[in-house]
Amino acid sequence: MEYSQKVMDHFMNPRNVGEIDNPSGVGTVGNAKCGDIMKVYLQIENGIIQDAKFKTFGCGAAIATSSMATELVKGKTVQQALEVTNRAVMEALDGLPPVKVHCSCLAEEALHAALWDYAEKNHIVIEGLKKPVQDIEELHHLED
């Protein structure tokens, strides 16, 4: 399996690992099939993501996509963060092997789950944000 230099870099030197005390939003998503679990923490002030951290239990690609996803949303508005899709994460990492594409979906869903948590806590609606899933396998059932 071939990984890009960027994937290897974010796996070997992941950015934003850890937790945020009293986060604005937290999202946890897993994948029962491969056992990966990703937790994303966001610190949001005035609609801007000031900080993003993650804890991921999973393969190298899951760690790399978490690292890249948190990098991509820092400094962005909540609305811009919604545009950080699994495709955007994969492109930023110069691609992923087909069998690892689900890892980027995990990153997108965990990010969206954290935004959902933030919206719930603050009684706001984020335009275009859908209720998150607990397990990304549910996404495939939704698409069928």
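Predicted model: local features only at pLDDT ≥ 70, side-chain atom pairs only at ≥ 80, totals over all residues.
Select helix 2 (residues 60–73) and helix 5 (residues 101–121), whose axes come within 8 Å and cross at roughly 40°. Helices here are DSSP runs of H or I with at least four residues, strands are runs of E with at least two, and both are numbered from the N terminus. Axes are lines fitted to C-alpha atoms, for helices over the stretch in contact, with angles from 0 to 180 degrees between N-to-C directions. Helix 2 and helix 5 are therefore oblique to each other (under 35 degrees is roughly parallel, over 145 roughly antiparallel, 65 to 115 roughly perpendicular, and the rest oblique).

Residues are numbered from 1 along each chain as its sequence is written, and side-chain values use heavy atoms, with hydrogens and water left out.

Now show the side chains between these two helices. On helix 2, pick Ala61, Ala62, Thr65, Ser66, Ala69 and Val73; they meet Cys103, Ser104, Ala107 and Leu111 of helix 5. Contact means heavy atoms within 4.5 Å. By class, the contact of helix 2 with helix 5 has seven nonpolar, three polar and no charged residues (Ala, Val, Leu, Ile, Met, Phe, Trp, Tyr, Cys and Pro count as nonpolar, Asp, Glu, Lys and Arg as charged, and the others, Gly among them, as polar).

The axes of helix 1 and helix 2 come within 8 Å and cross at roughly 90°. That makes helix 1 roughly perpendicular to helix 2. Helix 1 contributes Val7, His10 and Phe11 to the contact, and helix 2 contributes Gly60, Ile63, Ala64, Ser67, Met68 and Glu71. By class, the contact of helix 1 with helix 2 has five nonpolar, three polar and one charged residues.

Next, select the cysteines. How many disulfides are there? The count comes to zero, a disulfide being a pair of cysteine sulfur atoms within 2.5 Å. For cysteine 34, the closest cysteine sulfur is in cysteine 103, 6.0 Å away and too far for a bond. Cysteine 59 is in no disulfide either, with the sulfur of cysteine 103 the nearest cysteine sulfur at 3.7 Å. Cysteine 34 counts as partly exposed at 39% relative accessibility, and cysteine 59 counts as partly exposed at 22%. Buried means under 20% relative accessible area, exposed over 50%, and partly exposed in between (1.4 Å probe, protein chains only).

Go on to lysine 76, in the loop between helix 2 and helix 3 (78–81). Lysine 76 is partly exposed, with a relative accessible area of 30%. Its C-alpha atom is separated by 5.6 Å from that of isoleucine 49, 27 residues apart along the chain. Leaving aside neighbours within four places in sequence, lysine 76 is in contact with Gly47, Ile48, Ile49 and Ala81.

Finish in the loop between helix 1 (5–12) and strand 1 (25–31), where asparagine 16 lies. Most residues other than glycine have a negative phi. Asparagine 16, however, has a positive phi near 65°. Asparagine 22, in the loop between helix 1 and strand 1, has a positive phi of about 50°. Which of the two is buried and which exposed? Asparagine 16 is buried, with a relative accessible area of 11%, whereas asparagine 22 counts as exposed at 71%.
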